[in-house]
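Subject: The structure for you to look at

Hi,

Here is the structure I promised to pass on. Have a look at it first, and then read on for what turned up in it.

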Amino acid sequence: MSQNTQTVGASISLDGLKHALKTIAPLIHRISLVPVLQAVRMETIDGGIAFDATNLDTSIRVVLPELGGPDLPVLTPADKFRAYASLLTGTTVQITTDGAHAHLKCGRSKATLPNLSPANWPETATLFQLKGEGLTLTQGSFARALKFALLAVGEGASRPAITGVKLESDGERLSVVTTTGVS
């Protein structure tokens, strides 16, 4: 390791890591000309360690309330990260980076993954800033709200503004808004 290389590390429960990777997996592109769209971004934020994925239209973040995360972002290919994590046994995963590589260790298993440049990650930090405490829903409540909202989603591919779902919260209620585009 050169003198200019700084090592930062994280200590994450294996169950938490597997949960985070499984949750963000549907958003990760398997085939893309943009390598960061096939990557997982991990960094320490207030409240824990955040795992992010984006496809530029949608972003998802899972925050594990654990201590000891990396101060600098770690950006590594999701397919390799998920494949390695699925083979692990143990309780704690140590993740360190020297800038060019992310090093994972769990029990007697070790792996080295490429670390992509975090500077190439699209700006998504403002998407996850909530006013106040935010809103907590059960998965079932959120699914029911989306189920009713999706009845009114427009199907016109030429009008992408009507094929989306708008979510708003005042901290107490969640508003789910869709339209068919018909007045």
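Let's start with a term: a salt bridge is a side-chain nitrogen of Lys or Arg within 4 Å of a carboxyl oxygen of Asp or Glu. Keep in mind that this is a predicted model, where local features need pLDDT of at least 70, side-chain atom pairs count only at pLDDT 80 or more, and totals for chains, interfaces and linings use all residues. Residues are numbered from 1 along each chain as its sequence is written, and side-chain values use heavy atoms, with hydrogens and water left out.

**The charged network**

How many salt bridges does a search of the whole structure find? The search gives three. R41, E43, D52 and R61 are linked by salt bridges into a network. Here is how the pairs look:

- E43 and R41 meet through their side chains at 2.5 Å, N to O.
- D52 pairs with R41, and their closest N and O atoms are 3.8 Å apart. This pair links distant parts of the chain, since D52 is in strand β3 (residues 48–54) and R41 in strand β2, 11 residues apart. (Strands are DSSP runs of E, at least two residues, and helices are runs of H or I, at least four; both are numbered from the N terminus.)
- R61 pairs with D52, with 2.7 Å between the closest N and O atoms.

As background, side chains of opposite charge can pair when their charged atoms come close.

Are these residues buried or exposed? Buried means under 20% relative accessible area, exposed over 50%, and partly exposed in between (1.4 Å probe, protein chains only). R41 counts as buried because its relative accessible area is 12%. E43, found in strand β2 (residues 39–45), is buried too, at 16%. For D52 the value is 2%, so D52 is also buried.

Leaving aside neighbours within four places in sequence, R41 is in contact (heavy atoms within 4.5 Å) with several residues, including A50, P73 and W121. As for E43, its C-alpha is 9.0 Å from that of A10, although the two are 33 residues apart in sequence.

**The nonpolar core**

A nonpolar core is a set of buried Ala, Val, Leu, Ile, Met, Phe, Trp, Tyr and Cys residues joined through side-chain atoms within 4.5 Å. In the largest one here there are 29 residues, and those touching the most other members are I12, L17, V40, M42, F51, F81 and I95. Helix α1 (residues 14–24) gives the most to this core, namely five residues. In general, nonpolar side chains tend to be buried together in soluble globular proteins.

Which residues make the nonpolar surface patch of about 400 Å²? They are L137, F142, L150, V165 and L167. Patches are made of residues with over 30% relative accessible area and no salt bridge; like charges are joined within 9 Å, and nonpolar side chains (Val, Leu, Ile, Met, Phe, Trp, Tyr) within 5 Å. Accessible areas come from the Shrake-Rupley method with a 1.4 Å probe, and for residues only the protein chains shown count as cover. L137 sits in the loop between β8 (109–114) and α3 (139–149), and it counts as partly exposed because its relative accessibility is 38%.

Cheers
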